Amino acid sequence: MKKRIFFLLVITLITYHFSLIPSSAQCTYKNTAFQGNEFLSYNLYYNWKFVWVKAGTASLSTVQTTYHGKAAYRASLNTRALKKVDDMFLLRDTLLCYTTTDLAPLYFRKGAREGKRYTVDEVFFNYKGGQSNTLQQRRHTDGSITRENHSSPTCLYDMLSIFLRARSFDPSDWKTGYTMPFSIADGKGITSAQLRYGGKEVVKADNGKRYRCLKLSYYEKEKGKMKEIMRLYVSDDLNHIPVRIDAFLSVGSAKAYLVNMKGLRNPVTSLQ
């Protein structure tokens, strides 16, 4: 009996230990939301002195490709500003990420322009030694580069790969206020972040259609407090398409409204 109890205890400890180890397999997630050739387009609006003005367009694409010879997804967010607002730094942000086909992060890049300041963040992910490892670097306006490495016993993400993963979450049991914590890597370090569920809301897109949406708020820790960075209204169906995105900036705020979508994996059952 003592041997049996000891054996069960060892198995329990081993199971618990390996549940914390983020091998590539541990950091994966089953994709149910999109396929390899999805293209979304948006109109962008900027709040300028309490007036909302159209500022440009954006596109979000997810395609199946290869990364270092292995099958992967590539997601990219690109923006194009109208000439009259071309200096707004928000519209010069570009995001790119690669993940495995089961959504483990592989690579992330963000280019951001704020006035004369331009930075490029890159994050390279690997899962050697049973850890989630990152090489992070930032290229500054003057061309200098700062680098750092991190290893974590739990999974690390970038702000685009966590969004791809979140699209496959099952919200059927969520209640308003439900929170999902995780850690985000960028060019300057590791940040504590959260997704918070804010209930359902009907949102009108710029294609003239109305969609029943789930409201998700993205928070990051700044100066010891959680600050809302972005609010996403995603379609309440298996696609979880971003219908509207609100971004809270250091200088004002911006919104993106869905215009067109193609290459969807699932039927759009959230239409109202």
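Me: Buried means under 20% relative accessible area, so with that cut-off in hand for this predicted model, why is Cys97 called buried?

Reply: The relative accessible area of Cys97 is 0%, and buried asks for a value under 20%, so Cys97 counts as buried.

Me: What makes the link between Cys27 and Cys155 a disulfide?

Reply: The distance from S to S is 2.1 Å, and a pair of cysteine sulfur atoms has to lie within 2.5 Å, so Cys27 and Cys155 are joined by a disulfide. A search of the whole structure finds 1 disulfide. The link of Cys27 and Cys155 is left-handed, with -100° about the S-S bond.

Me: Why can Cys27 and Cys155 be said to tie together parts that are apart in sequence?

Reply: Cys27 sits in the loop between helix H1 (2-20) and strand S1 (37-48), whereas Cys155 sits in the loop between strand S8 (145-152) and helix H2 (161-166), so the parts tied together by the pair are 128 residues apart in sequence. As for accessibility, both Cys27 and Cys155 are buried.

Me: Why is the ring pair of Tyr98 and Tyr107 called tilted?

Reply: The ring centres of Tyr98 and Tyr107 are 6.3 Å apart, and pairing asks for centres within 6.5 Å, so the two rings count as a pair. Their planes stand at 50°, while stacked needs under 30 degrees and edge-to-face over 60, so the pair falls into the remaining class and is tilted. Both Tyr98 and Tyr107 are buried.

Me: What makes the aromatic pair of Phe182 and Tyr218 stacked?

Reply: The angle between the planes of Phe182 and Tyr218 is 25°, and planes under 30 degrees apart count as stacked, so this pair, with 6.3 Å centre to centre, is stacked. Phe182 belongs to strand S9 (residues 179-186) and Tyr218 to strand S11 (residues 210-222), so the pair ties together parts that are 36 residues apart in sequence. Phe182 and Tyr218 are both buried. The count of aromatic pairs comes to 11, and ring pairs also link Tyr29, Phe169, Trp174, Tyr178 and Tyr197 into a cluster.

Me: How do you know that Arg196 lies over the face of Tyr219?

Reply: Arg196 is placed at 3.9 Å from the ring centre of Tyr219, and the distance cut-off is 6 Å, with a further condition of 35 degrees from the ring normal. The distance therefore meets its limit, and Arg196 is listed as lying over the face of Tyr219. Lys262 lies over the face of Phe39 at 5.7 Å from the ring centre.

Me: Why does Glu222 form a salt bridge with Lys227?

Reply: The closest N and O atoms of Glu222 and Lys227 are 3.7 Å apart, and the cut-off is 4 Å, so the contact counts as a salt bridge. Glu222 has a relative accessible area of 34% and is partly exposed, and Lys227 at 37% counts as partly exposed, because partly exposed covers what lies between the buried limit of 20% and the exposed limit of 50%. By the salt bridge rule the count comes to 9.

Me: How do you know that Asp246 counts as buried?

Reply: Asp246 has 2% relative accessibility, and the limit for buried is under 20%, so Asp246 counts as buried. Asp246 forms a salt bridge with Arg244, where the closest N and O atoms are 2.8 Å apart, and Arg244 is buried with a relative accessible area of 15%. Asp246 forms a salt bridge with Lys255 as well, with the closest N and O atoms 3.2 Å apart, and Lys255 is buried too. Elsewhere, salt bridges that share partners join Lys200, Arg212 and Asp236 into one network.

Me: What makes S9 and strand S10 (residues 189-204) a pair of strands?

Reply: 8 bridges join S9 to S10, and pairing needs at least two, so these antiparallel strands pair. A hairpin connects S9 to S10 through 2 residues, and Met180 stands opposite Leu195 in S10. S10 is in turn joined to S11 by 10 bridges, again antiparallel, with Glu201 opposite Cys213 in S11. The hairpin of S10 and S11 has 5 residues between the strands, and Gly208 there takes a positive phi near 85°.

Definitions and conventions:
Residues are numbered from 1 along each chain as its sequence is written. This is a predicted model: local features need pLDDT of at least 70, side-chain atom pairs count only at pLDDT 80 or more; totals for chains, interfaces and linings use all residues. Side-chain values use heavy atoms; hydrogens and water are left out. Helices (H or I, at least four residues) and strands (E, at least two) are DSSP runs, numbered from the N terminus. Buried means under 20% relative accessible area, exposed over 50%, partly exposed in between (1.4 Å probe, protein chains only). Rings of Phe, Tyr and Trp (its six-membered ring) pair if their centres lie within 6.5 Å; planes under 30 degrees apart count as stacked, over 60 as edge-to-face and the rest as tilted. A salt bridge is a side-chain nitrogen of Lys or Arg within 4 Å of a carboxyl oxygen of Asp or Glu.
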